[in-house]
Structure formats: structure tokens, C-alpha cells
Amino acid sequence: MGKTITRTVWVLSLVSLFTDTASEMLYPVMPLYLQQIGFSIVGIGLLEGFAEAIAGLSKGYFGKWSDSIGKRLPFVQLGYTLSALSKPLMAVFTTPGWIFSVRALDRIGKGIRTGARDSLLSDEATKETKATVFGFHRSMDTFGATLGPALALLFLYFYPGQYKMLFYIAFVPGLLAIWASFKLKERKHEPNGTFKPKAVFAFIKYWKHSPEAYRKLVGALLIFTIVNSSDVFLLLKLKEAGMSDVALIGIYIFYNGVYTLMAYPLGIVADKIGLKKMLLMGLLVFSITYGSMGFAHNLAAFLIIFFLYGVYAAATEGIAKAWISNLVPKTETATAIGADTGFQSLATLIASSLAGWLWFSYGSFTVFVTASFVSFVVVIYIYASIKQPV
């Protein structure tokens, strides 16, 4: 691991660990907090979709900017700083306009850093070790997603219902992330063309000039994203089934624990068997998971489902980025990943809004079964139409 997992990979992984500790301390209580301050199910869906759309658009924009000037660190450091600052701001006021604005600030921070960070990770790997490096990063990132809810659970055990105070506490690991980001060192990167500050949708133009294999893969993942709504809806399903706040957060910790343990080894396996095979297996597990979620009503069923959901996440999130980075030149990595996430986040805006509407109109069963069917169709498409070796 020492040769593959370099100092830069370690530091970036620690930054992500601290950031996810802060974010995931809040994530499982976010729908509870939003409902507490007056948001409806539809409102929560719109907020989450809006937030992810902002993140996606900014990922494409700042990814292109990073490639254009050949610099990564300023984007990484500023992005993590904005996300850290957004945590305590969420609790200052509870008006819808303020909540939407602070969520936008958090997601813009994510958008600024993501393409540049993933480009740094890609630079530290060869084509033969991409999934291993991205898998290790995802594992560390998700360890933070396990630690954060555990800290939230401990706090709520002593202070039930005191969600607002958690937003202030989450600022502490956010500060640690900022500190760690300044321990990174910039490699020399060749600038790639010019950048027009007004070109918010410049990443869309990249689609026309990108490799065919890239377009096929990203297109398939885009269709999948339209039915892959925010995890908030999984948590709302647990609440609908009568799970307590403690049980809900405990199950979420369990899911992230599975993800943490599986991401790195599955990355190693993917480098050996091929990224396409691993991605397809992960998407198939998602289809099974969401289909089962529509019928689940008890703790045992939810534990099995969230175990499988952790396997799905470990087998797809880092793997997809690794595959994409292998399909484009190094000078286009941040743009390619940023464009992918840009399109995906626009789809997420549709997905979360659609899920909120379907849930409100037809119930949770329709949300999960629809996602299961569409994701299975995507598996068949990728298997049949994307033939190139990876």
C-alpha cells in the first residue's frame, strides 16, 4: 500500500475524513431538523435537489477553471473552507431563504474542490492503480461518514431533539479539514487552454469534444442518477416505518461502516477484474436494494438492505471516477469529472424533486420500485453497449 498510497493521497483522504465527519454528523438529522422547522416532504426534496444541482454546476465550472490554469490547491483549500463555514451558519436562522442559501454555500464549496481534488488523486495513480487509489480515498472519506453520525448519536442520547447545537459542533472537524488541506503540496500542471469566467455552462461544450466511450458511460450514469434520489429519502423511509431517531442514526452508521470497510478492497479487486465488471455489480446491487426497500418494514430487513446499500456505494462511487479518469487525457481530468458531476447534479435536481412528488402523490413504495426498475435497465445498457476494455 505504501507505494500506491502516497503522502498526497493520505492527506487528501484525511481532509475528506474530517469534512465528512462534519457533514455526516448533520446528514441523518437534516430531514428531522428540516421537518422540525417547518419543511414538508416536497420541500425537503426540492431543497436537496437544488443543493445538488448547485454542486454539480459548480463542479463543472471550477473543474474547467482548474484545468485551464493548471492549478489544483487553491480550489481544494477554498472549497473545504466554504463547506466548513456553512455548518454553523445553518443554525443561525431558520427561514427557507436562509436555509436554501447556506445549503448553496456548502454545495458551492463542494463544487469548487471536487474536480481539482480528484485530479490530484488521479495524478498519484497509474491506470492499473486508479480504482485502488480512489477506493482508498472513498474508504477514508466514508470513515468520517461513520464517525460523524456516531458523534451525533452520542450527543442526541444526552440531548434529545437538540438538532441545532449539532450544527455548531460540526464546525470543529470542519476546521481540522481546512488545517489539513494546507499541508498539501502543488504539483506542476500544464495549463489547458483559456477560461472564460462567464461560461458557467462551459462544461457542456466539453461533451461534444469528449471521447465516445466517455459519453456512453456518463450518459448511462446520468439516466441512473435521475432515479437515484437523495439518501434523505432512505432516512425518511426509516422514519415512516416507525424507527426512532437513535435507530435511524444507528442504521446510517452501519451503512457507512460497511461502505468504509468495502471501498478500498473493492477498489483493489476492480483493478484486477476490470472497472466495468465492478461497476455493473454495484449497480445491480443498487437495483436489488431499492426494490427491497419498497417492501421493508422492520429492523432486520432494513439492516440487510443498508448492508447491501453500503456494498453498492463502495463498488460504484470511486470506481466510476476511476473509469472516467482513464478515458480522458490528464490535462482534461478535472473538466471530465466536473462535467460528469455537473450533468449528474442536474439529474439529481430532477431526481429528488421527482422522488418528493412521487412520495407525496403515490407513497414511498412507488419511489423505490421505480428506481429499482430503471437502474436494472441501465445495467443492461452498460453491459451491452460499452464494450471497450478498462
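This is a predicted model: local features need pLDDT of at least 70, side-chain atom pairs count only at pLDDT 80 or more; totals for chains, interfaces and linings use all residues.
**View 1. Helix 3, from end to end.** Helix 3 covers residues 41-69, and its 29 residues should span 42 Å at 1.5 Å a residue, which agrees with the 42 Å between its end C-alpha atoms. The expected span here is 1.5 Å times one less than the number of residues in the helix. Helices are DSSP runs of H or I with at least four residues, strands are runs of E with at least two, and both are numbered from the N terminus. Because 21 of the 29 residues of helix 3 are buried, the helix is largely enclosed by the rest of the structure. Buried means under 20% relative accessible area, exposed means over 50%, and partly exposed lies in between (1.4 Å probe, protein chains only).

Residues are numbered from 1 along each chain as its sequence is written, and side-chain values use heavy atoms, with hydrogens and water left out.

**View 2. The whole protein, for orientation.** Stepping back, you will find 16 helices and zero strands. The C-alpha atoms fill a box of roughly 55 × 45 × 40 Å along the principal axes. A compact globule of 390 residues would have a radius of gyration near 21 Å, and the 19 Å of the protein agrees with that; the radius is taken over C-alpha atoms, and the globule rule is 2.2 Å times the number of residues to the power 0.38. Of the 390 residues, 59% count as buried. Among contacts with a separation of 6 or more, 86% join residues 24 or more positions apart, where contact means heavy atoms within 4.5 Å. The accessible surface is about 15,600 Å², and 70% of it belongs to carbon and sulfur atoms; these areas come from the Shrake-Rupley method with a 1.4 Å probe, and for residues, only the protein chains shown count as cover.

**View 3. Ser 13 and its partners.** Ser 13 sits in helix 1 (residues 7-26). Its relative accessibility is 0%, so Ser 13 counts as buried. Setting aside residues up to four places away in sequence, Ser 13 touches Phe 136, His 137 and Met 140.

**View 4. Val 76 and its surroundings.** Val 76 belongs to helix 4 (residues 73-89) and is buried, with a relative accessible area of 0%. Beyond its neighbours within four places in sequence, Val 76 contacts Leu 12, Arg 113, Ala 116, Arg 117, Leu 120 and Leu 184. Asp 118 is 42 residues from Val 76 along the chain, and their C-alpha atoms are separated by 9.7 Å.

**View 5. Thr 129, in a loop.** Look for Thr 129 in the loop between helix 5 (96-123) and helix 6 (130-158). Apart from neighbours within four places in sequence, Thr 129 is in contact with Thr 4 and Asp 271. Its C-alpha atom is 9.3 Å from that of Lys 272, a residue 143 positions away along the chain.

**View 6. Helix 13.** The 19 residues of helix 13 (residues 275-293) should span 27 Å at 1.5 Å a residue, in agreement with the 27 Å between the end C-alpha atoms. With 14 of these 19 residues buried, helix 13 is largely enclosed by the rest of the structure.

**View 7. Helix 16 and its cover.** Helix 16 (residues 364-385) has 22 residues and reaches 32 Å from first C-alpha to last, close to the 32 Å expected at 1.5 Å a residue. Its buried residues include Val 367, Phe 368, Val 378 and Ile 382. Helix 10 (212-227), helix 11 (232-240), helix 13 and helix 15 (333-362) are among the elements that cover the buried residues of helix 16.

**View 8. Tyr 381 meets Ala 220.** Tyr 381, in helix 16, is partly exposed at a relative accessible area of 38%. Leaving out neighbours within four places in sequence, Tyr 381 contacts Lys 216, Ala 220 and Ile 386. Ala 220 is a residue of helix 10 and counts as buried at 1% relative accessibility. Ala 220 in turn touches Val 378, Tyr 381 and Ile 382, not counting residues up to four places away in sequence.
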